[in-house]
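Work through the exercises below with the sequence and the model side by side. Try each task before reading its solution.

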Amino acid sequence: MARKIICLSILLSVFLMYFSPIAQAASGDDEDKTGFIMHHIKDSHEWHFATIGHTHISLPLPVIIYSSDRGFEIYSSSNFVDPETHTFGREHNGYFIDDHDKLRATEEGRSFVDLSITKNVAMLFLVLGVTLYLILTATKQYKRNPNRAPKGIASFLEPIILFVRDEIALPNIGPKYKKFTPYLLTLFFFIWFGNLLGLLPGAANLTGNIAVTVTLAMITFFVTNFNGNKAYWKHVVATPGVPLPLLLIIVPVEIIGLFTKPFALTVRLFVAITAGHIVILSFIGLIFVFESYAVGFASTMMVVFINLIELLVATIQAYVFTLFSAMYIGAAVADHGHDH
Amino acid sequence: MDLISPDLGLIIWQTIGFGILFLVLAKYAWKPILSALEEREGSIEEALSTAEKARAEMASLVSENEKLLQEARIERDQILKTANENAVKIIDQAKGEASKEATRLIEEAKAVIQTEKEAALTDVKIKVAELSLLVAEKLLRAQLSNEPSQKALVEKFVDEIKLN
């Protein structure tokens, strides 16, 4: 079925690309028509939902700035919107938001920290809220009658909790798994709910933002290395069973290896989620590029199909991130260090 | 806000947000959930092992019952056997005693009969002797009741004396 849909949509696309006069006409300014993709993928100081005609429906978000000379400053992002073009660019109290949606000071060289509640931060709060609500609601049942079979949300969460505990934490970390299970569970549910909520129309690309993934990866990095035992560090700085000249090569590699692990985590999640969003939005973009009903139909089919795949990807990426975190932690706390 | 350069503001918010999420969930969710799961697993394990134990106990109880029954059966057989033996012995003994007694009684009876017989014979002898005497006396009296017979007898005696 899926193969048929793909073949059909490719055929339709190729056919229409050559014979549609509208497509040729539209190809001139498709920058404008697909610009929304990158706009969606990246973070923003406002939450833009839709543009109907020339009216932008967007939620202004708070802009919070900390600078050593002026302390905390809080503005609404609507203060920076140009009333005529409806885009950012207007100067306000010595700050403006540039074309790349980045907050800048008018005064050159002034340093400040942009702590704005951007679209992704707002999304983060949403994900935190949903995660907390679901999990804390489920917890009530365990407190009330722990020996009963799970019901409601708990019955939905329990297999996942057990999976993380028994299939991720226990086999990869070993006997010390209990200490790290809460972290891995939090990680899994945060990434999973973030991925899933990110698929909702109008939602922000939170878990596909490199700042988010790098933070999560660095947390795993710190958890791993703060819990690293003697054998782990010995393995890094003086790999046992390796002759001295080789150590000169091995040790730098091992040290680089410490950092490639969080880097791999960062990039994997970022790329998987962002790519999924780009693919979906590209299929939607095709509709506006070709302005054809046939392409619209085929693209919609593809979007539905890719969305289903994205549901899978959302889960797999949460699993993979948690699994690799568990493996790194497991390697750091294992009793007899190296198993090459 | 670039695609591949992490934004410091978001890193800070993400660290704070995830930190809060972790702390809250670890304390108020994972701890009770994981301990509840462990407790439930423990209770299931315990229930299963209890059931297993109960089953084993039942089995051993059944086999013990069987053993007891077997023992009881053996004991019953033994008791019956001894009872039978005793009965036979008692009967034999009784028989022996009875026959002995009978023999003894017969012997006694025989002895009494003998004695009685002897006594009776003695009595008969005495009676016969008395009767003979009486007959003899009567005969004598009848023979010697006249003078010539008396004289003949005396003469006979005198003859006999003469011989001496």
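The model is predicted, so local features need pLDDT of at least 70 and side-chain atom pairs count only at pLDDT 80 or more, while totals for chains, interfaces and linings use all residues. Residues are numbered from 1 along each chain as its sequence is written, and chains are lettered from A and ligands numbered from 1 in the order in which they are written.

**Exercise 1. Describe chain A as a whole.**

Step 1. Chain A has 10 helices and 7 strands. Helices (H or I, at least four residues) and strands (E, at least two) are DSSP runs, numbered from the N terminus.

Step 2. The C-alpha trace of chain A spans about 70 × 60 × 60 Å along its principal axes.

Step 3. Of the 340 residues in chain A, 34% are buried. A residue is buried if 20 or more other C-beta atoms lie within 10 Å of its own, exposed if 12 or fewer, and partly exposed in between, with C-beta atoms placed from the backbone.

Step 4. Chain A is divided into domain 1 (58-117) and domain 2 (155-333), with bounds from an automatic or database domain assignment. The C-alpha centres of these two domains lie 32 Å apart.

**Exercise 2. Describe how α7(A) packs against α9(A).**

Step 1. The axes of α7(A) and α9(A) (residues 244-290) come within 8 Å and cross at roughly 150°. Axes are lines fitted to C-alpha atoms, for helices over the stretch in contact, and angles run from 0 to 180 degrees between N-to-C directions.

Step 2. Residues of α7(A) in the contact include Val214(A), Met218(A) and Phe221(A), and those of α9(A) include Leu258(A), Leu265(A) and Phe270(A). Two residues are in contact if their C-beta atoms, placed from the backbone, lie within 7 Å.

Step 3. The residues of this contact divide into 10 nonpolar, 4 polar and 1 charged. Ala, Val, Leu, Ile, Met, Phe, Trp, Tyr, Cys and Pro count as nonpolar, Asp, Glu, Lys and Arg as charged, and the others, Gly among them, as polar.

**Exercise 3. Which part of chain A supplies the largest share of the side that touches chain B?**

Step 1. In the contact between the chains, 40 residues of chain A meet 31 residues of chain B.

Step 2. β7 (113-114), α4 (119-144), α6 (177-198) and α7 (210-226) of chain A each supply at least two residues of that side. The largest share, 11 residues, comes from α4(A).

Step 3. The residues on this side of chain A are 22 nonpolar, 12 polar and 6 charged.

**Exercise 4. Where is Asn93(A), and what is the phi of Asp101(A)?**

Step 1. Asn93(A) is in the loop between β4 (71-76) and β5 (95-97) of chain A, and has a positive phi of about 50°.

Step 2. Asp101(A) is in the loop between β5 and β6 (103-105) of chain A, and its phi, also positive, is near 60°.

Step 3. Most residues other than glycine have a negative phi.
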